[in-house]
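Open the model in your viewer and keep the selection panel at hand. Each stop gives something to select, then says what is there.

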Amino acid sequence: MLSDKMAKKYFGDDEVQGKHFRVNNQFDLEITGVYQSFPDQSHWHPDFLVSFSTLEDDNVYGRHGLETNWGNNAFGTYILVNDQFDPSKVQAEFPAFIDRHMGQEAAANNYPMPSTWTNLFLQPLTDIHLRSHLDSEVEANGNINNVYMMAVIGLVIILIACFNFVNLSTARATKRAKEVGLRKVVGAFKNQLIFQYLSESILVAIVSLGLAFVLTTFSIGWLNDFTGKSLQLNLLTHATTITIIIAATVFVGAIAGVYPAFVISGFKPALILKGQQGSIKGKRGIRQVLVVAQFATSIVLIIATVVIFQQLHYMNNSDLGYEKDRVVTMRYYGDGLANNYDAFYNELVKNSAIKNAGRSSRIPTGRLLDSQGAQIQKGDSLVSTDVTIKNVRVDHTFFDTYGIPMSAGRNFSKEIKSNDSLGFILNESAVKMIGWTNDEAVGKVLQYGGVKGQVIGVVRDFHFESLHEPIVPLVFQISPNFNRFSVAIAGSDMQAGIAHLEEVWKEFLPQRPFEYQFLSDEYKALYESEQKQSQLFLIFSGLAILIASLGLFGLATFNTLQRIKEIGIRKVLGASIPNILKLLSTEIVVLILIANLIAWPVAWYFMNEWLHGFAYRVNMNIGIYILAAFIAIAIALITVSTQTIKAAMTNPANTLRHE
């Protein structure tokens, strides 16, 4: 069956049912129907669906293999159940099920029972996309933690905006003091005043919601490009969503306005109408707390941004133990190259633009998912080792292509009479975990996956997988079964090397498309999530700082106006401009320092947890926190500088003329 997109691509508007497809240049499959493409939020998006019975063909997989290869992890199983289904009862039977079907082979090879080292489990289909993250996923998954992180940061920015509203509303309260006093004199009740000011706050939030819809409409295209998603703003067709958004907006408006409403409504008319500020004087402490909270949040985001950038720089510049910058990789087609690979290889490397080429079952940047039981010789018998050793099938030129050196012994060689078909190469981690030294390992008897042979060499450890994963024990074997083909380009002219590769490819494989990837691009793709996180944190921290600075600017403006006569008197008594600037800035600096003391342990905890997702990571140092403090103080001082300088340079005669 074809998806509707593939049917359109290959057949246009023609009827497709009953037509045939040639697959892998080996099989003719009949098209029986067209299905609607899976939705974007699905955990997989197949272009073609082939009946499972097709695998019964011995040329594809074979009925016998389907019935006996219980260790094969190539298939996923979907179970349709009713509401009374109890998954725990089924999962309780899985260990016995595994041992029943795989235990006989394990016992024959002196391996532990399978249920001790592998397991089956059930999970809801709707959990796969965001919560699964297994080794053999059909497609790369999303991550629910990223969803939570974005939600938390969005909530934090809303809280900063609410803090701003509270700060500025209470700071401006004296401007409305006479209005409140007059309203109370003519009969207004406190609850009426509270309702009035809460209504004003909610109205501001609703107007902001309208502006947010406009901004979202214009920015959602960029967001989809950035995230690789296909989010849509179809709120009119989702009544529940629009209801939640409106309710949340009203709630935010009420939360932001409730404190200022109670403050303003609590003014005493007798004091206000006499020109005294009365109850507003005690609210300064609340405003300072909110400023500290705003900047503490901003500092956490600054630290997070710096740490993420440092980790990305570390990953992009780490010594991986192999060459990645001048290597291109391709799919290997054994049906077209197996019988004449030597001629293909010789034609390829005779051009000086090609340094070397090699075949393998997997390539660096991929996951290591293949493993079998290992046994080592002790005395006259083979003994199972509890070390899980992953395996990769390679040819004689694989290590030379990637520039991976040997630590002991030798590389695979075509010149050896046995052709090394019974030889093994281990990495240093495998040798160490087994309990050998590198030199001791060479010549040791090893049985792996039913093949008994000798260790001929030890290769230096290298990062086959991403830096999220530790270097694991590895065994390399010579095998005719490969999936990937790697080519190392020589010199600086990449285009000349790729052009020659294409020419040779089309000569030997004219029926196969010439498609290649740069290994360096595949390496960067390993950290695409972190790259986007760093950009998002940069945007969010900038936004948080901007909002906090706007609030601080408004607060500084108000505080300066409140102290303008004090400043005039100080200048008359001999205070210099630097003294006035110090007076007005000290309070701000103290608040930012307090914000740093609060932000540092919070940032350390969360970023330490984030870094633990990498087996290889940077160490956070005090310099990051000092840098964040310096940035926060500098931004705060720049924000208030226009007002403080203006106040310090004001002529006292202008401010004291009416005294």
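Start at Asn608. Leaving aside residues up to four places away in sequence, Asn608 touches Ala603 and Met620. Keep in mind that this is a predicted model. Which helix holds Asn608? Colour by element and you will find Asn608 in helix H21. Now draw a distance from Asn608 to Asp335, C-alpha to C-alpha: the two are separated by 49 Å. Along the chain they lie 273 residues apart.

**H20 against H21**

The crossing of H20 past H21 is right-handed. Show side chains at the contact. From H20, select Glu566, Ile567, Arg570 and Lys571. From H21, select Ile577, Ile580, Leu583 and Leu584. By class, this contact of H20 with H21 has 5 nonpolar and 3 charged residues, and no polar ones.

**H19 against H22**

Next, select helix H19, residues 528-562, and helix H22, residues 622-648. How do their axes meet? They come within 9 Å and cross at roughly 20°. The angle is under 35 degrees, so H19 counts as roughly parallel to H22. Look along the crossing: H19 passes H22 in a right-handed sense. On the H19 side, the contact is made by Ile545, Ser549, Leu552, Phe553, Ala556, Thr557 and Thr560. On the H22 side, pick Ile635, Ala636, Thr639, Val640, Thr642, Gln643 and Ala647. Colour the contact of H19 with H22 by class: 8 residues are nonpolar, 6 are polar and none is charged.

**H8 against H19**

Keep H19 and bring in helix H8, residues 190-227. Here the axes come within 11 Å and cross at roughly 145°. Select Trp222, Phe226 and Thr227 of H8. Their partners in H19 are Lys532, Gln535, Leu536 and Ile539. The contact of H8 with H19 divides into 4 nonpolar residues, 2 polar and 1 charged.

**The cavities**

How many cavities of 30 Å³ or more does the structure hold? There are 3 of that size. Go to the largest cavity, with a volume of about 120 Å³. It is lined by 12 residues, and those closest to its centre are Ala556, Asn559, Thr560, Leu584 and Glu587. Some of these have come up already. Ala556 and Thr560 of H19 also take part in the contact with H22, and Leu584 of H21 takes part in the contact with H20.

Which elements give two or more residues to this lining? They are H19, H21 (577-611) and H22. H19 gives the most, with 5 residues. Finish by colouring the lining of the largest cavity by class: 6 nonpolar, 3 polar and 3 charged residues.

How values were computed
Residues are numbered from 1 along each chain as its sequence is written. This is a predicted model: local features need pLDDT of at least 70, side-chain atom pairs count only at pLDDT 80 or more; totals for chains, interfaces and linings use all residues. Side-chain values use heavy atoms; hydrogens and water are left out. Axes are lines fitted to C-alpha atoms, for helices over the stretch in contact, and angles run from 0 to 180 degrees between N-to-C directions. Helices (H or I, at least four residues) and strands (E, at least two) are DSSP runs, numbered from the N terminus. Angles under 35 degrees count as roughly parallel, over 145 as roughly antiparallel, 65 to 115 as roughly perpendicular and the rest as oblique. A crossing is left-handed if the near helix is turned anticlockwise from the far one by less than a right angle, and right-handed if clockwise. Contact means heavy atoms within 4.5 Å. Ala, Val, Leu, Ile, Met, Phe, Trp, Tyr, Cys and Pro count as nonpolar, Asp, Glu, Lys and Arg as charged, and the others, Gly among them, as polar. On a 1 Å grid over the protein atoms alone, a cavity is a set of points where a 1.4 Å probe fits but cannot get out, and a pocket is an open set with protein on both sides within 12 Å along at least five of seven lines; lining residues have an atom within 4 Å of a point. Grid points are joined across faces, edges and corners, and a volume is the space filled by probe spheres set on the points.
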